[in-house]
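Please look through the structure shown below, with its sequence beside it. The paragraphs that follow begin with a single side chain and then widen the view.

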Amino acid sequence: MDGRIFHLKKELLNKPEHQWTIKEMAEFAKMSEPHFQKLFKANTGMSPIAFLRDLRVEKARELLESEDFWQIQEI
């Protein structure tokens with residue numbers, strides 16, 4: 001996996017609640033938006049937005065299943 005994509009994925013995992021944009025992700029990875037989107041998909045099999053969506057859904061599922069009794073509105 002490309003190191004820039006690897007480090008961005010770590011950042012996305014650490015801050016899934018952040019309102020990421022393609023522009024911001026591309027800047028974090030230090031590349032143009034079209035190149036970033038192509039490289040991200042080549043490395044992960046999905047677009048950056050799809051990856052982020054799936055990440056957020058998984059995080060919400062974990063919170064709903066946790067014993068901390070999160071309210072849906074909080075998640």
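Leaving aside residues up to four places away in sequence, Phe36 touches Ile5, Leu8, Ile22, Met25, Ala26, Ala29, Met31 and Pro48, where a contact means heavy atoms within 4.5 Å. This is a predicted model, in which local features need pLDDT of at least 70 and side-chain atom pairs count only at pLDDT 80 or more, while totals for chains, interfaces and linings use all residues. Residues are numbered from 1 along each chain as its sequence is written, and side-chain values use heavy atoms, with hydrogens and water left out.

Phe36 belongs, together with Phe40, to helix H3, the two being 4 residues apart, about one turn of the helix; helices here are DSSP runs of H or I with at least four residues, numbered from the N terminus. An α-helix has 3.6 residues a turn, so residues three or four places apart point the same way. The 12 residues of H3 (residues 33-44) should span 16 Å at 1.5 Å a residue, and the end C-alpha atoms are 16 Å apart, which agrees; the expected span is 1.5 Å times one less than the number of residues.

Which residues of H3 are buried? They are Phe36, Leu39 and Phe40, where buried means under 20% relative accessible area, exposed over 50%, and partly exposed in between, with a 1.4 Å probe and protein chains only. Seen down the axis of H3, these buried residues fall within an arc of 105°, so they line one face of the helix, the arc being that of the directions from the helix axis to the C-beta atoms. Pro34, Lys38 and Ala42 are exposed on the other side of H3. The buried residues of H3 pack against helix H1 (3-14), helix H2 (22-29) and helix H4 (48-65).

The rings deserve a separate look. Rings of Phe, Tyr and Trp (its six-membered ring) pair if their centres lie within 6.5 Å, and planes under 30 degrees apart count as stacked, over 60 as edge-to-face and the rest as tilted. By this rule there are 2 aromatic pairs. Phe36 and Phe40 form a tilted one, 5.7 Å centre to centre with 55° between the planes, whereas Phe40 and Phe51 form an edge-to-face pair, 5.5 Å centre to centre with 70° between the planes. This second pair links distant parts of the chain, as Phe40 lies in helix H3 and Phe51 in helix H4, 11 residues apart. Phe40 is buried with a relative accessible area of 0%, and Phe51, at 13% relative accessibility, also counts as buried.

In soluble globular proteins, nonpolar side chains tend to be buried together. In this model the largest nonpolar core has 15 residues, those with the most contacts inside it being Leu8, Leu12, Met25, Phe36 and Phe40; such a core is a set of buried Ala, Val, Leu, Ile, Met, Phe, Trp, Tyr and Cys residues joined through side-chain atoms within 4.5 Å. The elements that give two or more residues to this core are H1, H2, H3 and H4, and H2 gives the most, with 4 residues.

Finally, just after H3, Gly45 takes a positive phi of about 85°. Gly45 lies in the loop between H3 and H4 and is exposed, with a relative accessible area of 58%.
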